[in-house]
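Please consult the sequence and structure shown below.

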Amino acid sequence: MKKIFLVLSILVSAIAFSQTGTDSKMHVFVSSLMKKMTLSEKIGQLNLLTPGGDVNTGTVVSRDVEKKIIEGNVGGLFGVTGVDKIKTAQDIAVKQSRLKIPLLFGSDIIHGYKTIFPIPLGLSCSWDMKIIEQTARMAAIEATADGLCWNFSPMVDIARDPRWGRMAEGSGEDPYLGSQVAIAMVNGYQGYDLAKNNTLMACVKHFALYGAAEAGRDYNTTDMSRVRMYNEYLPPYKAAINAGAGSMMSSFNEIDGIPATGNKWLLTDLLRKQWGFRGFVVSDYTSVNEMMAHGMGDLQTVSALSLKAGLDMDMVGEGFLMTLKKSLQEKKVTISEIDQACRRILEAKYKLGLFDDPYRYIDPTRPAKEILTAQNRKEAREIAARSFVLLKNNNQTLPLKKTGVIALIGPLADDQNNMLGTWAVSGDSKLSVSVLNGIKNAAGSQVNILYAKGANISDDTLFAKKVNVFGTRIDIDKRTPAEMLNEALEIANKSDVVVAVVGEASEMSGESASRTDITLPESQKKLIRALVSTGKPVVLVMMSGRPLALVEENTLATSILQVWHAGTEAGNAIADVLFGNYNPSGKLSVTFPRNVGQVPIYYSQKNTGRPSVGDAPKFLSNYLDVPNTPLFPFGYGLSYTSFSYSEIKLNKTSMKMNESITASVTITNTGKYDGEEVVQLYIRDLVGSITRPVKELKGFQKIKLKAGESKQVSFSIDVNDLKFYNSELKFVSEPGDFILFIGTNSNDVKEKGFKLE
Ligand code: NOJ
């Protein structure tokens, strides 16, 4: 034991020594470079531009980019992809600018580069950190093969309001699960050596609280207590930083009345002084300039405010470029503030190995070998299947038999344009697999597949126009709704089972895609009602980038499989699950409300002084019209098999601050299929110096069980699992009584009490 300890400590000090070694080498290098730099060249490094052409998420696109690079006025570019284009731009920087400082090349690689994986909300429902890390690793390999070195991901914003379209880009509502995903993604992108030519620098976004936009309206104001911030919203950002993320992106929203991009408390006191972050911070798209609209002053004022707050790089807006010199002359900023930001950006370039070789990521032989390979597609298919959540399955309608007649119906059934999901800017939807093709590939010769569109995603032309900004996502048919419906009913009547592929077009969620109505569009509701009236079993394959309010559909349909937007291999993965080649194992990372009026709704709520007891008696915290409970709780998801949980066994019922308790349960696969189960551990702190949530996720394990097999699962709980930020924002544990819950979702659990002494 002693020997192992000795070896370990030698190893740790060796790593620490080599890191300090790199740090000091980097410091010497950057210092000597900065000595040669003029003030303009320093400010130039703080400028991130996009020449446009791909996807712009604001109204401004950079002009005269080439000239600005030559003049040393650009630190990096985004929205430029492909080795040829990136080489051309890098050539300009390292051959024509005075100091030959290489550029950073960034992009939004949110759920895969060209091989597109499920949207992040879907991926998080796998509760499988290995595959999530694997998606990030594969994305990094593909993107670096195409010349990129910096990624505006992971998006770790906690989101509890499904009106907010960008919920699709994150990992749902829970800080613990969100933190695990954040760590997995940073590790996947950055690998363990940023200077390798197949690793990307991560950029954790959007710092901070972007997911708490009031009324779920994108870019809207946020306002929350520090206690909530620290306990519920900040943990995933912190986890990503602890995992070594190289950069952060400030968010559009304000915090305590000051926009995040110019918020010194956020970007300096919290991020750097409390958390020790050592990378650089980039603004979001024109978020420096947008502070003018927030009412923080003119461009010079907001640019100075941002720099002083701790922002290092200005995305697209050029406020730094246009005003910092003047602000320095007028003593509104200091040279050391400019130097500090410049140093951080040069350090990022150093860490990425760009000073050793600016063409490190430019190898024209790589794209053909490494992008969209058969192996990547195979993995994307397997991973997508693991993100699906089976919400309902009456009469074991699923898995489908590989015989008889299947009526495949719905506006998303024979569709490629919506398979990739939001924020798949480098993906090619023409390469994606539609559900119709996936089902044909998997069905075999004994199945007769009949297809009809049945309805438009929406009949509302104005709505469709807004959704279709990046190309057709909602394709309004030339036929009338009645004609489409008749065709669908005709084939439904001839079938043994109806599979209806319905839901949201990909751009109905994502950035600037907030909705106040989170039900299915009426065109699809009508279709589902009509299909159900045929008396055939109706399986809904539900695509969406957010939880939809599905009360009616849940009553009508026989089965519902939630498939999010599943990426390049969507159709194959959906067919794999429908036919039982893969037994679904996803669990919701976000609560599904009954209706939009329950929003925000999340499992880790506070009890209130008047907790509801069920059927809405007067003067308790409830609604007159619906129960408080959601339609589907956090952590929920069915399988084709069933699992039973034994009572919880604790190795002791009381622990001291320096001890731990082991909680064990035995899970048995009581059904006919082999399957996977996510065993979830929650804890409630019964009495605290501040009010505590009714349950908080503190651990989970995904296990495989053969039909009939049992396994014991154990969790070790120590004082760190019981800590929280108190009213003084100290991270403390308080002695007292706790309840520990283990179960299949946040609502269906066994429980046992224990004490912290
Ligand atoms: C705006 C988005 O908020 C952000 O997530 C993205 O990284 C930038 N645009 C760049 O595309």
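Across the interface of domain 1 and domain 2, the rule finds one salt bridge, defined as a side-chain nitrogen of Lys or Arg within 4 Å of a carboxyl oxygen of Asp or Glu. The model is predicted: local features need pLDDT of at least 70, side-chain atom pairs count only at pLDDT 80 or more, and totals for chains, interfaces and linings use all residues. Residues are numbered from 1 along each chain as its sequence is written, and side-chain values use heavy atoms, with hydrogens and water left out.

**Domains**
- The protein chain is divided into domain 1 (370–596) and domain 2 (643–756), with bounds from an automatic or database domain assignment.
- The centres of the two domains, taken over C-alpha atoms, are separated by 35 Å.
- Seven residues from domain 1 and 10 residues from domain 2 take part in the contact (heavy atoms within 4.5 Å).

**Interface**
- Domain 1 and domain 2 bury about 640 Å² between them, 41% of it on carbon and sulfur atoms; buried area is the accessible area (1.4 Å probe) lost on putting two parts together, summed over both.
- Asn583, Ser585 and Lys587 supply 65% of the area that domain 1 buries against domain 2.
- The side chains of Lys587 and Glu677 form a salt bridge (3.1 Å, N to O).
- On the side of domain 1 that touches domain 2, two residues are nonpolar, three polar and two charged (Ala, Val, Leu, Ile, Met, Phe, Trp, Tyr, Cys and Pro count as nonpolar; Asp, Glu, Lys and Arg as charged; the others, Gly among them, as polar).
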